[in-house]
Each structure stands twice: as structure tokens, then as C-alpha cells.
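The sequence and the model come first, and the description follows.

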Amino acid sequence: MSLIGKGILKGMGVTAKNFFQSYYRKERLPTVEYPEEKATINQFSRNFPFLLYDGDDPVDGMRCTACTLCERACPPQCIYIIKDKDENGKAILSPRIFDIDTSVCMSCQLCVEVCPYEAIRMDSAFELSNENRFEGLLLNREELLKPNAYYHEIHPLEARETDDRMAAKAALAEAKKKARQKRARLAAKNKPPPGLKKTPPTRKKPPQREKSE
Amino acid sequence: MSPVQTMPPRSYHIGKDDLGADILEVAMGPHHPSTHGVFRMDLKLDGETVVDLKPVFGYLHRNHEKIAEDITYPMSMPFTDRLDYLCGMTNNWAYALSAEKLIEIKVPERAEYIRVIVAELTRLVNHCLLIGFFVNDLGALGTPLLYALREREKILDLFEVLSGARMMVNYIRFGGVRCDPPDGWLKECQRIVDAFPAFLDEYETLLTENEIIIARAQNVGVVTREEAINFSLTGPMLRASGVNYDIRKVDRYGIYDRFDFKVPIGGHGDCYDRFMVRMLEMRQSVKILKQAIRDLPEGEIMGKAPKIFRPAPGEAYGRIEAPKGELGFYLISDGTPIPYRFKVRPPSFVNLTALRHMCLGHKVADAVIILGSIDIVLGEVDR
Amino acid sequence: MNSPDLSDQKAVDLSPEGTAKAGVILSSLVWIYNWSRSNSVWPLLFGWACCAIEMIGTAGSRHDIARFGAEVFRPSPRQSDLMIVSGTVTKKMAPQVVRIYNQMPEPKYVIAMGACAISGGPFKQGYNVLKGIDRYIPVDVYLPGCPPRPEALLHSLMTLQKQIKRQKSLGRTITNPAYGEGRRIYPVPELRGDDLFPPFNPEVWTPPAKNPNVEDGCPAGRKSV
């Protein structure tokens, strides 16, 4: 027959231990004084997407080409893109409108995974509480565009990897372009144009030819 | 003359007929602090004894299955996080498992090990938090729950480094996992796993011998072995009734056949056994975690998954031992990138069916802790 | 439905001219009053869905909402000042939410926590999901995120505290607890068939103007599926 109340006393011993150790052991008092101290986010945290641009001008350096892959991949359909058109009405590869509704976004990162141009990335900013339902929460293109330096600041590791990948891609594209120019020059040398000069077919063929090489 | 003296002398009778009292109907919920969300129990009470109980749910019916039948297979992955919002990782795994059965993707070794690690970490989160809620219902307001939340934050930090989010991880993909753990993650994981048994010791000293918990939870809400099988209960609820059935042992999905662990079994099937089974399961999870971290191989993390997920017409059912029981996803494909039928077999919904049986004859206050011991999450019950 | 006149003549405004007119004692009284009010916001203990877990996490020792005087989660709406709508409000649940809001005493505040409470969020396509709780009750602070981090909830609480400190607290204003007649009570919607009636409360919500950015009305992504 054990002492009645022994279990409760033991439990109280545990709480007392926790209480006294909270004065000198960090793991017993893990409180982060948030507004004064930095929040507990790390460089992998994600919250809402943003758009990246290179250089100084947000609109000119925009990486997005309005391919709408992210719009299709978004599970709650919170991305809205309209392609830009030049003055002749021809579509150009950049979005005129790029809206993300943060009041719908579920922070799933699927848009980042499908983007082939490394243009959309996840932001880790979370202090977004707002008193305006529509004006404050619907982010348009200008609010979404952020420089690459900001990306390096919030996700240093990921940004470095992205830059390396983009540099490799650019080098490859450069090499391909050079090879194509060389071929064109060689073709021009071997066959002086008798008058019929068709560039479109040669432009279409290179991908197939490169594969065979 | 004071009003007390004017009242007629009272007389007390024992027995329903003498009092002539009617049955009292109480709607408990959907706004009630102990119903773990938006759940309602329509109770019929004779005095304080429960004579009938009708669970009413659907207050959080978010059309998960219907939405999933409208979007492509990979797009449903973040929605599965929101099913049982305490255990995002296991939900992801169950869905990935059934999709992998549908199209037969080979998962690389390293990804399998990472899946085991995150799933067992999820089990730790779920069980220590659930025990906090359970004793909260018993009247231990705050303190055990605060300790559980303190440990949970450490594991959520691990998840955040790994996947970017604390709860809605969206980490496991068809054929592997999304990204490799960054440098130092495993070391940190090892440190937390090594320190966890100390917390469990403390938690057990705090709770298991407590006379109030013993008096309130033992012999309350008993489900016998046969009844548990008939109710098709799964998970810790089934094992607390003495049935040795763990899908990790029975199905051996993933690589669970490589680990050495035991399945804790209860003998009485009451609330206290369900609480103790979870307590002991955490110890086994720590054991699995230690083995998995030790054996984690190098290599690829993604198998050869097709770019566009378009399975051949057919069906698949993948199930895992989620912290709450058997979580299964049943998919029917008609050859398009969108599932024809998407069905979730939620463990807490099926376990909830035993609630009426367990509560009958007990007091109202016991109904609260019986509900707490089932371990329901309304996102999963209502979907 | 007795919505009081917020632009009452007797109310004290906190602009520099107003405080100068009202006198130093009165204005500092208002300041102390609002300061103490904003630092003892008692939330309602009620979790809807996923965000509720983060709300409980905020009450935990890591984030410790007690530092803001808001740790007293009251299970009864009669004792609470703040309703944190933490999760998806379905059509079955919406009447109860409005009813609980009606039971809260003035001054009362609402934080719509998470995407689901603001707009239906990821589940907005669902037939049973209310597209934003602000259709039936006035929301003071919107907190986007799915789910928002506990720090984000603390930030929204700070936003609310700033808002409270700006308010008029004397005279026949709604934010004066002594002024008992002006409790905001809104009609409880009714679930008829498969939709709520009325679809929204015109007193607190008006359908938004057409988004100037949207051209054809339907995002392109849906068409391909």
C-alpha cells in the first residue's frame, strides 16, 4: 500500500524542478521575446511567393516570362497573370499583370517548383497583418518584385544554388548560340546565296541537329 | 425574514421514478473548449449519467475529397497536410504511397529513411501534444500541455529547416522527398532525439502515477478486444484493447521491416491504457529514430517520377500507420491527370464511431475525457 | 439590430486639437484607459481548424502570448473581448460564429486568422466553405498565412493594440464599455438547402468593386483543366 498522494507529490516535484531551473537553464525557459528579439525564422522558412528581378529596374530586369506555369500549378488558384503586348498587339514575354492573393495562398511552394526561369521564390516575411481586406492583401506586380540581393539576404544558400544554376544555364545558352552562329557562318561560306535566302528553316532545325551531334 | 427560511423543507429521493425527472438533453459543442475543435455531442442525460449520445459532425467539412477530384495528383499534396493538421508528414506519406502504387515508382533508399525519420518525429509531436490535451480535459490545466508544446517547438524547428514550414510541410513527393536535409540537420535531429527520453521520463513522472489521473481514467470508456475489432478501430486505440496490430509490423510498408521495435499493447482497453500506450509508443519511436539516423545512407532522394503524372486506368490503396491509426488513400484513375475518385480513410473518424458505446453509463465529465482519449482531429473527421 | 451612432457629439477625439479642447486630465485619462484596455485583451478559447493549433502554440512557452496580456483564453463569449477566427468557417458553422459574436460584450474585436477565415483560402472552391467571415461580422485585423506563424499572430495582436489605442473611449461610443446599449448584434444567417441566407450582411460587407486588373473575369489556369 503506497502512500496516497505520492504520485501527485512526485508530479509537483517535476513542476518545481522546471520552475527553479527556468532561472538558469535556457531549455527550461525557451521564450523568444518576439518584437524585441528576432523571430525564430531560419533561412529555409517560407510564407508567400515573390518575384525576382535582376539589375536595377524592377520591370526591365524581371525574370518572369508570363508562361503561366505557376498559375496552372497553383492548387488554390491564387495567381493571376496577363501577358504583356507591344504596341502592335503582339504578345511579348513578360507579364503586364501579375497578382497574388495572399488571402488565398496556401504557401505550398508548388509555383516555385514548376517555374523554369527561377523567377518566383518564397518570401519569409510574415508581419503582414492588415486592416484592409482587399487593398492590403492582394499583391500586384510592383509589390511582388524584389531584387536578387533581397533573395540572397533571406535565403542565402538557396539563392547561391539558384545563381549557379542560372549561370550554368546562361553559359550553355551562350555556347549554343555561338555554335549556331558558327554553323550559319560556315553554311554561308560554303554556299554563297544565289538569291534565295531562307533563315526560318535553319532556325527551326538546330535543336534536332544538336541532339545528333 | 430571510428568504432562506421561507423555502419549504427539501426532501431527497434516490431513483429516477421517485424524482419523476425527465431525460435532459444537452448539446455539447460545437463551441466547447473540450471538444477538440468544432465537434458536437448531443447527450441525453439522466441526472449526470449519459444514457444516449449522438455525435454530430460536419462543422469542418471542407470538401477535401471533392476538391482533389478537380485538380491534378501532385496538386493534392498540400491539401493532405490540412487533413490531420498535427501530422502533415504522415499524411503526405500516405498519399504518396498510394500514388506510387498507382504508377509504380521506385523510391530510393535515402528517401525511405528520411520518410521514416520525419514520420516518427511526427508521431512524437502528435502523442506528446495529445497527452497534453488529454490531461487538460482531466483538469490539469496548462502545465503538461506547456511542456508538450515546448518539446513540439523543437521538432517543428527541425521541420521548418527541412521543408520551410512548421505545420503544413508539403515535403514528401511521389517517388521521394522534395529536398535533401541541409548540413547540420541530422546532427541537430540526433541531438533532439537523444534528449527526448529525458523529457519522456519527466513526463511520465509527472503524469503516470498521478492519483487523480488514475482515478479518473482507469476503468472509464472500456472497449474490449472483440468490440474494438468489430468497431474496426485502429492505432493506439486498438492496441490499448489488447490487439497486436500495427501496420508498420503487418504491412511493412517502406522499410519498417529493417527496424527493431516493439508494439506496446494494453490489457484493459480503458482511457488510462490508451494514454499509456501512447506514452510507450513514443519510446519505441525514439528507438526507431535512433536506428534510422544511424543507418541513413547517401544517395538520391528522388526516384524516376514522370514529369506529368498520368497513371493508367486503375485503382490503388495505400495505407500507413499514422499516429492516430490506419490512414489510407484510395485512388481511382481513369487515365487522366486528375483522379476519378479520391477517398480518404481517416483513422480518427472511424475511431470516433466507438464514442457512443464507450460513453454510455458514464458521467458527463467522463464523456469529455473519453473523447480526449480517442484522439480526434476535426480536419480529418470531417475532411 | 441597434447600431449606435459612432459620430456622437459627446465623444472625445484624440486629435491634438481635440485633446487640447478636452483638457489634459481628460485626454490622459483616455490614454490610460486605452492603454490598459489594449494590454488586457482576453481572447475567446475556440479553435476552428489548423490555425487553432498555431494559436495554442502561441500560448505556449516559446511565444508566450501572456507577454501581451492576452493569455486569458476564456471559454465563454460573455467574458471575452477578442475573437480569433482561427480556421475555416463552413456554412454549417457560420450561424454559430455569428451567434457567439452576438453574445460577446462590447467593446469586441475580431482577428481573421489565416487564409480560410479571410476568404475561404485554399478551400474556397468547396461547396460548404464560407468565403470569408467578414461577410457576417466586422473584422478588425486580417492576418494572412496558411497557417500564420505564432509570431505573425503576435504581430496581428500588436496591430490590434495600436488600433485600440487610437479609439475613442469616453462618451456614447461603442468602445466605451460603460455605454451598454450599443452592443453590435447582427442577424444570424440561416442554412437553407445548400447555401446561407442571407448570403452576406449588407451592414458589414459590400461586394468588392470589380478588380481593375482582371480582364476576362476568369483566370486562365482553370480553362486548361
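## Overall form of chain B

With 383 residues, chain B would have a radius of gyration near 21 Å if it were a compact globule; it has 23 Å, which agrees. The radius of gyration is taken over C-alpha atoms, and the globule rule is 2.2 Å times the number of residues to the power 0.38. Along its principal axes, the C-alpha trace of chain B spans about 85 × 50 × 40 Å.

## Basis of the description

This is a predicted model, in which local features need pLDDT of at least 70 and side-chain atom pairs count only at pLDDT 80 or more, while totals for chains, interfaces and linings use all residues. Residues are numbered from 1 along each chain as its sequence is written, chains are lettered from A and ligands numbered from 1 in the order in which they are written, and side-chain values use heavy atoms, with hydrogens and water left out.

## Chain B in more detail

Chain B has 17 helices and 8 strands. Helices (H or I, at least four residues) and strands (E, at least two) are DSSP runs, numbered from the N terminus. Of the 383 residues in chain B, 61% are buried; buried means under 20% relative accessible area, exposed over 50%, and partly exposed in between (1.4 Å probe, protein chains only). Taking contacts in chain B between residues at least 6 apart in sequence, 72% join residues at least 24 apart, where contact means heavy atoms within 4.5 Å.

Accessible areas come from the Shrake-Rupley method with a 1.4 Å probe; for residues, only the protein chains shown count as cover. Chain B carries 46 positive and 52 negative charges, whose mean positions are 3 Å apart. Lys and Arg count as positive and Asp and Glu as negative, while His and the chain ends are not counted. The place of a charge is taken as NZ of Lys, CZ of Arg, CG of Asp or CD of Glu.

Val56(B) is found in strand β3, which covers residues 49-56 of chain B. At 14% relative accessibility, Val56(B) counts as buried. Leaving out residues up to four places away in sequence, Val56(B) touches Phe39(B), Arg40(B), Asp42(B) and Lys92(C). Val56(B) and Gly184(B) are 128 residues apart in sequence, and their C-alpha atoms are 47 Å apart in space.

Glu104(B) lies in the loop between α5 (88-103) and α6 (109-138) of chain B. Its phi is near 55°, a positive value in a residue other than glycine. Glu104(B) counts as exposed, at 71% relative accessibility.

## Chain A

Chain A contains 8 helices and 6 strands. Read along the sequence, these follow the pattern α-β-α-β-β-α-β-β-α-β-α-α-α-α. Of its 213 residues, 40% count as buried. Among contacts in chain A with a separation of 6 or more, 69% are between residues 24 or more positions apart. The accessible surface of chain A comes to about 13000 Å², with 57% belonging to carbon and sulfur atoms.

Glu118(A) sits in the loop between α3 (110-114) and β4 (120-123) of chain A. Phi of Glu118(A) is near 55°, a positive value in a residue other than glycine. Glu118(A) is buried, with a relative accessible area of 6%.

## Where chains A and C meet

The contact between the two takes 40 residues from chain A and 43 residues from chain C. Together chain A and chain C bury about 3400 Å², 57% of it on carbon and sulfur atoms. Tyr80(A), Ser129(A) and Glu131(A) supply 18% of the area that chain A buries against chain C, more than any other three residues. Buried area is the accessible area (1.4 Å probe) that two parts lose on being put together, summed over both.

Ser156(C) belongs to helix α6 (residues 150-165) of chain C and is buried, with a relative accessible area of 0%. Apart from neighbours within four places in sequence, Ser156(C) is in contact with Ser129(A), Ile111(C), Val141(C) and Leu143(C).

## Cis peptide bonds in chain C

Cys146(C) and Pro147(C) are joined by a cis peptide bond, with omega about -15°. Pro147(C) lies in the loop between β3 (141-143) and α6 of chain C. The peptide bond from Phe197(C) to Pro198(C) is also cis, and its omega is near -5°. Pro198(C) is placed in the loop between β5 (195-197) and α7 (220-224) of chain C.
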